[in-house]
Protein chains: 2
Amino acid sequence: MLAHLPLFAHPNPKRVGIEIIELNSKFQVLIIGGGDGGILREVLKHDTVEKVTMCEIDEMVIDVAKKFLPGMSCGFSHEKLDLYCGDGFEFLKNHKNEFDVIITDSSDPVGPAESLFGQSYYELLRDALKEDGILSSQGECPWLDLSLITTVIQNCRRLFPHAKYAVGSVPTYTSGLMGYVICANDKTRDVTTPARVLTDDQVKNLNLRFYNSEVHKAAFVLPQFVRNALEEKKE
Amino acid sequence: MLAHLPLFAHPNPKRVGIEIIELNSKFQVLIIGGGDGGILREVLKHDTVEKVTMCEIDEMVIDVAKKFLPGMSCGFSHEKLDLYCGDGFEFLKNHKNEFDVIITDSSDPVGPAESLFGQSYYELLRDALKEDGILSSQGECPWLDLSLITTVIQNCRRLFPHAKYAVGSVPTYTSGLMGYVICANDKTRDVTTPARVLTDDQVKNLNLRFYNSEVHKAAFVLPQFVRNALEEKKE
């Protein structure tokens with residue numbers, strides 16, 4: 001979901017003049033974190049993606065994933081990958097207006113990853129995105145971290161014309177509910193609706209076990225206690 | 001969700017002739033199990049409910065809930081409640097065509113509650129429902145019990161003209177995802193859409209922390225692996 005929500009929300013065909021021109025294989029994707037390779041594997045399923053840049057601070061996570069999680073880390077040898085081992089903050093400072101999609105696959109906001117939930121990090125993300133870019137970030141669990149989530153979303157609403165929160169079931173995560181922060185630089189982009197709707201056959205061919213186009217929309221329907229906290233009244 | 005999905009899916013106003021006549025306080029609800037009182041408390045929030053009959057096999061569960069879970073068990077003293085302590089199977093055999101909504105709040109299908117997931121139990125439920133009745137049953141977790149769920153839904157499709165599966169986040173439940181089996185005796189009834197749509201103010205007045213009318217619809221949007229297992233192709 002962290003990978004597919006922004007990638008399917010981003011329109012692949014771009015309108016140029018009065019014609020729609022398919023810009024296949026033109027997506028520039030950045031992953032911050034994600035050292036286990038799972039997000040990279042899912043990003044590489046999208047044939048709209050030309051290049052994936054990944055910035056992981058801990059090289060050992062990648063080495064361990066390669067050794068013990070071959071099914072998850074299979075993307076590390078892919079020709080589309082540019083891999084950097086270093087700090088995401090520093091990387092972003094040197095890359096402005098470069099990426100169509102940025103995905104932050106961080107650990108919890110305790111210790112090293114705490115800064116990845118702050119306003120200054122989201123400012124860097126915004127500036128590294130192209131003007132029609134979309135980002136997704138690990139958004140913690142509403143049952144456990146609603147106060148933090150509320151702050152993050154409020155910050156994002158100041159920085160982006162379009163900032164939404166989605167949820168999905170992840171049984172390995174504490175409490176089983178995972179949140180996603182999805183923001184767009186383009187105020188006309190509705191990230192809650194996929195720009196490309198998949199048939200069941202396409203879902204099967206992409207080997208998507210959880211995501212489908214209806215799940216995309218339903219992920220943005222929030223339980224009432226979350227909606228109240230984020231002040232997302234019915235439109 | 002186990003209580004509100006069937007109760008909000010059931011149309012309160014009934015069409016009689018060419019006029020719509022409000023039949024307030026006419027719902028007859030049956031709860032099988034639910035000894036902790038949580039489902040009873042939620043059912044009693046509906047002013048459309050005239051009487052709640054509850055059949056719990058283990059009286060001690062009720063006593064313990066009254067003693068240690070006062071907030072959850074507050075409905076046991078309600079005047080609308082008829083409480084029976086006994087076997088749900090036996091109770092259902094003696095009650096035909098009586099209830100508008102039946103809710104099965106059982107434990108897991110291991111040991112005593114195993115029979116509450118079998119076809120013969122669902123036959124009894126069908127016969128105890130009125131012809132426009134709706135039932136909901138604890139439907140286990142798709143991450144853990146997909147094979148059992150598939151069998152239950154297949155059985156329900158043989159017994160009911162309308163049988164659906166829904167999911168919701170329950171952090172206290174193993175894996176965090178809970179399933180609900182929702183069936184209607186009336187083939188024209190679409191249980192995936194609430195018959196009464198609530199405003200935010202109504203949700204607040206009913207003290208609903210999770211359910212709202214959009215959550216109702218989204219609950220029936222299934223992850224692809226569940227959809228594949230239940231063979232619910234896009235319509």
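Take contact to mean heavy atoms within 4.5 Å. By that rule, the contact between the two chains draws on 27 residues from chain B and 27 residues from chain A. Before going further, some ground rules: this is a predicted model, where local features need pLDDT of at least 70, side-chain atom pairs count only at pLDDT 80 or more, and totals for chains, interfaces and linings use all residues. Residues are numbered from 1 along each chain as its sequence is written, chains are lettered from A and ligands numbered from 1 in the order in which they are written, and side-chain values use heavy atoms, with hydrogens and water left out.

Let's start with how the copies relate. The same surface serves both copies, as 100% of the contact residues of chain B recur in chain A.

Now for the interface itself. Buried area is the accessible area (1.4 Å probe) that two parts lose on being put together, summed over both. Here it is about 2,300 Å² between chain B and chain A, and carbon and sulfur atoms give 53% of that. Three residues stand out on the chain B side: B:W143, B:D200 and B:Q224 supply 24% of the area that chain B buries against chain A, more than any other three residues.

The polar side of the interface is worth a look too. Counting polar contacts (pairs of N or O atoms within 3.5 Å; within protein, one must be able to donate a hydrogen and the other to accept it, and residues adjacent in sequence count only if both atoms are side-chain atoms), there are 16 residue pairs across the interface, both residues being at pLDDT 80 or more. Helices and strands here are DSSP runs (H or I, at least four residues, for helices; E, at least two, for strands), numbered from the N terminus. Helix 7, helix 8 (213–218) and helix 9 (224–230) of chain B each put at least two residues into the side that touches chain A.

A:R227 sits in helix 9 (residues 224–230) of chain A and B:D200 in helix 7 (residues 200–205) of chain B, so the pair joins two chains. For accessibility, buried means under 20% relative accessible area, exposed over 50%, and partly exposed in between (1.4 Å probe, protein chains only). A:R227 is buried at 8%, and B:D200 is buried at 17%. A:D200 and B:R227 also form a salt bridge, again with 3.1 Å between the closest N and O atoms.

Inside chain A, a salt bridge joins A:D100 to A:K130, with the closest N and O atoms 3.3 Å apart. A:D100 is in strand 6 and A:K130 in strand 7 (residues 129–138), so the pair ties together parts that are 30 residues apart in sequence. A:D100 is buried at 2% relative accessible area, while A:K130 is partly exposed at 23%.

A:D100 also touches A:H10, which has A:F27, A:V101 and A:D132 among its other contacts, not counting residues up to four places away in sequence. A:H10 is in the loop between helix 1 (4–9) and strand 1 (13–16) of chain A, and at 0% relative accessibility it is buried. A polar atom of the A:H10 side chain lies 3.1 Å from the backbone oxygen of A:D132.

Strand 6 (residues 99–105) of chain A also holds A:D105. An unreviewed UniProt entry lists A:D105 under "active site"; UniProt positions follow the numbering used here, feature names are shortened, and annotations may be inferred rather than shown by experiment. Not counting residues up to four places away in sequence, A:D105 touches A:L2, A:I32, A:G33, A:G34, A:D36 and A:I39.

Conventions
A salt bridge is a side-chain nitrogen of Lys or Arg within 4 Å of a carboxyl oxygen of Asp or Glu.
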